[in-house]
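Let's take a walk through this fold together. Have the sequence and the 3D view open, and follow along as we go from the sheet to the charged side chains.

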Amino acid sequence: MQNQSAVLTHVNEHGKANMVDVTDKNITQRQAVAEGYITMSAQAFSMLKDNTHAKGDVLSIARIAGIQGAKKCSDLIPLCHPLMLSKVQIDFQTLDDANKVRIQALCKLAGQTGVEMEALTAVSVAALTLFDMCKAVDPHMEISDIKVLSKQGGKSGDWSC
C-alpha cells in the first residue's frame with residue numbers, strides 16, 4: 001500500500017539531492033528484514049550444499065560479506081547516514097526443488113533513522129558474493145526478488161509484507 005501524501009525526503013525544495021537532517025529525531029529501536037534469492041545450476045547448487053566449491057565454504061564467506069555490506073552501506077549509497085548497527089544477521093535457506101538459495105538479512109540499531117537500506121545491501125552483497133564464489137561452475141546464475149519484508153520503529157511505525 002502506497003502513502004498518497006508521501007514526499008521524497010532526499011530531494012530538497014529545489015529538486016536537488018539532500019541528506020535528510022535527523023538531528024532532532026528521537027532515538028528509537030529500529031529493525032528491518034530483507035530477502036533475496038539466487039538461482040543456480042543443479043551442479044553449482046549441489047556443490048554449495050556439499051561445501052565442495054574450490055573457493056571454500058561459500059555460505060560462510062557470503063554471510064561475512066553480507067554483514068560487511070550492511071556496515072558499509074553509507075559508503076555505497078551517497079545519501080545514507082552512517083549507522084552504528086547493533087545487530088546484522090544473515091541466514092540462508094536452500095530450496096532444493098528450485099536450485100535456489102534464499103538470503104535473509106536482519107539489521108537492528110537504536111538510532112534516529114531506519115535500517116532498510118542496510119538490510120537490502122546485506123542481502124545484495126551476500127548474493128553477489130555467492131555469485132562470485134560459484135561463477136566458475138555456473139556463470140548463468142540469477143539474483144532476484146530483493147526486497148524489504150518488514151521494518152519496525154521510527155515515526156512511520158511498523159509494517160511487513
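Predicted model: local features only at pLDDT ≥ 70, side-chain atom pairs only at ≥ 80, totals over all residues.

Helices (H or I, at least four residues) and strands (E, at least two) are DSSP runs, numbered from the N terminus, and two strands count as paired if DSSP finds at least two bridges between them. Strands of a sheet pair through backbone hydrogen bonds, either parallel or antiparallel. Here, 5 strands form an open sheet in the order S2-S3-S1-S4-S5, with antiparallel pairing. Its edge strands are S2 and S5 (159–160), each of which pairs on one side only.

Now trace the individual pairings. S2 and S3 run antiparallel and share 9 bridges; they form a hairpin with 4 residues between them, and in the turn Asn 99 has a positive phi of about 50 degrees. On to S1 (residues 28–39), which pairs with S3 in the antiparallel sense over 12 bridges; look for Thr 39 opposite Lys 100 in S3.

Next, the charges. Side chains of opposite charge can pair when their charged atoms come close. A salt bridge here is a side-chain nitrogen of Lys or Arg within 4 Å of a carboxyl oxygen of Asp or Glu, and the count comes to 5 salt bridges. One of them joins Asp 96 and Lys 49, at 2.7 Å from N to O. Asp 96 lies in the loop between S2 (87–95) and S3 (100–111) and Lys 49 in H1 (residues 42–50), so this pair ties together parts that are 47 residues apart in sequence. Relative accessible area (1.4 Å probe, protein chains only) sorts residues into buried, under 20%, exposed, over 50%, and partly exposed in between. Asp 96, at 47%, is partly exposed, and Lys 49, at 40%, is partly exposed as well.

Where does the UniProt record place an "active site"? The unreviewed entry puts this feature at Asp 132; such annotations may be inferred rather than shown by experiment, feature names are shortened, and positions are given in the numbering used here. Asp 132 lies in helix H4 (residues 116–134) and is partly exposed, with a relative accessible area of 33%. Its side chain forms a salt bridge with Lys 55, the closest N and O atoms being 4.0 Å apart. Because Lys 55 lies in the loop between H1 and H2 (58–71), the pair ties together parts that are 77 residues apart in sequence. Lys 55, Asp 132 and Lys 135 are linked in a network of salt bridges.

Notes
Residues numbered from 1 in each chain as written. Heavy atoms only, no water.
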